[in-house]
Amino acid sequence: MSEQDHDLEERFAELKRYDRGRVPRYERIVGLPRGRWRPAPLLAAALLAVALGGGLILRSRGSRSAAASWLADWASPTAALLQTPGRELMTTVPSVSESVITLEAQ
Amino acid sequence: MNTELAHQLAASHEENYAWALGCCGRDAREAEDVLQAVYLKVLEGRARFDGRSSLKTWVFAVIRRTAAQHRRLRVFARLRTQGLAEVPEPPAPTDLEEALELRQRREQLWRALERLSRRQREVLLLVFYHEHTIEEAAAVMGIGVGSARTHYECGKTRVRELLKEAP
């Protein structure tokens with residue numbers, strides 16, 4: 001070990017000496033109330049929260065898609081009034097070459 | 001409950017506590033909780049020693065894993081507000097100046113260790129504090145010896161730099 005390692009060793013030894021006087025007794029650790037830290041109920045609560053959250057998200061997505069399809073299918077009750085005679089003249093652009101043939105056909 | 005195992009745990013309790021303290025960022029209350037969980041796991045047979053390493057190495061590995069689990073659940077655990085741990089009072093300093101200097105050196109060391117990666121910190125604690133070999137440290141950490149040696153060398157270099165920079 002180098003001299004620099006000895007300096008580190010000394011620092012860790014100081015930390016160890018400090019800690020040595022502060023170790024709680026073994027019996028006290030084993031006898032701590034068990035409820036202080038119980039990961040199983042905490043995990044169960046976390047999983048339940050995730051499941052509930054996931055369920056809510058899926059549910060809201062389902063209702064959103066139903067609303068979207070209802071909106072897409074919606075038609076105005078007065079749409080029929082827009083079906084006027086000759087409306088195709090207003091909605092199409094005839095081309096010059098096509099017009100003669102179309103007229104002859106008609 | 002296995003009384004022989006309980007006896008061995010009690011014999012190595014000081015070392016186990018120090019390692020738990022190191023794994024829990026020197027938080028005494030958390031270290032006690034982790035150590036209690038480890039002792040109960042071992043004594044109730046939920047963690048079984050298979051004899052592939054020394055008992056001490058195996059217990060250290062269980063402490064390390066349990067501390068990691070505890071860290072992940074810390075957010076939930078903090079919601080619980082049951083009684084505080086009884087941390088023993090520090091002994092009265094005979095020489096205040098010396099005690100303050102020692103405290104500063106300890107804090108400098110821990111602050112430097114905290115700035116390392118988890119593996120670098122663990123390997124330095126295992127080697128310098130717990131006097132493990134690199135091979136034993138690797139077994140506790142569940143990594144290869146080569147990897148442990150790399151973490152050890154990089155950690156040492158970094159911690160020396162940080163201690164030099166320390167006020």
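**Two loop residues and one helix pair**

I begin with E131(B), which lies in the loop that joins α7 (118–129) to α8 (134–141) in chain B. Please bear in mind throughout that this is a predicted model. The phi of E131(B) is positive, near 55°, although the residue is not a glycine. For context, most residues other than glycine have a negative phi. Is E131(B) buried or exposed? E131(B) has 12 C-beta neighbours inside 10 Å and therefore counts as exposed, since the exposed class takes 12 or fewer.

The second residue is R26(B), found in the loop between α2 (13–23) and α3 (28–43) of chain B. R26(B) is likewise not a glycine, and its phi is positive at about 60°. Around R26(B) there are 16 other C-beta atoms within 10 Å, so this residue is partly exposed.

I turn now to the helix pair. Two packed helices are described by the angle between their axes and the distance between the axes. Helix α1 of chain A, residues 3–20, packs against helix α6 of chain B, residues 96–114, at an angle of about 110°; their axes are 10 Å apart. Because angles of 65 to 115 degrees count as roughly perpendicular, that term applies to α1(A) and α6(B). The crossing of α1(A) past α6(B) is left-handed.

Which residues make the contact? From α1(A) they are R11(A), E14(A), L15(A) and Y18(A), and from α6(B) they are L102(B), R105(B), R106(B) and L109(B). Four residues of this contact are nonpolar and four are charged, with no polar ones.

Thank you for your attention.

Note on methods:
Residues numbered from 1 in each chain as written. Chains lettered and ligands numbered in written order. Predicted model: local features only at pLDDT ≥ 70, side-chain atom pairs only at ≥ 80, totals over all residues. Axes fitted to C-alpha atoms, helices over the stretch in contact; angles between N-to-C directions. Helix = DSSP H or I, 4+ residues; strand = E, 2+ residues; numbered from the N terminus. Parallel < 35°, antiparallel > 145°, perpendicular 65-115°, else oblique. Left-handed = near helix turned anticlockwise from the far one by under 90°. Contact = placed C-beta atoms within 7 Å. Nonpolar A, V, L, I, M, F, W, Y, C, P; charged D, E, K, R; others polar. Buried ≥ 20, exposed ≤ 12 C-beta atoms within 10 Å, placed from the backbone.
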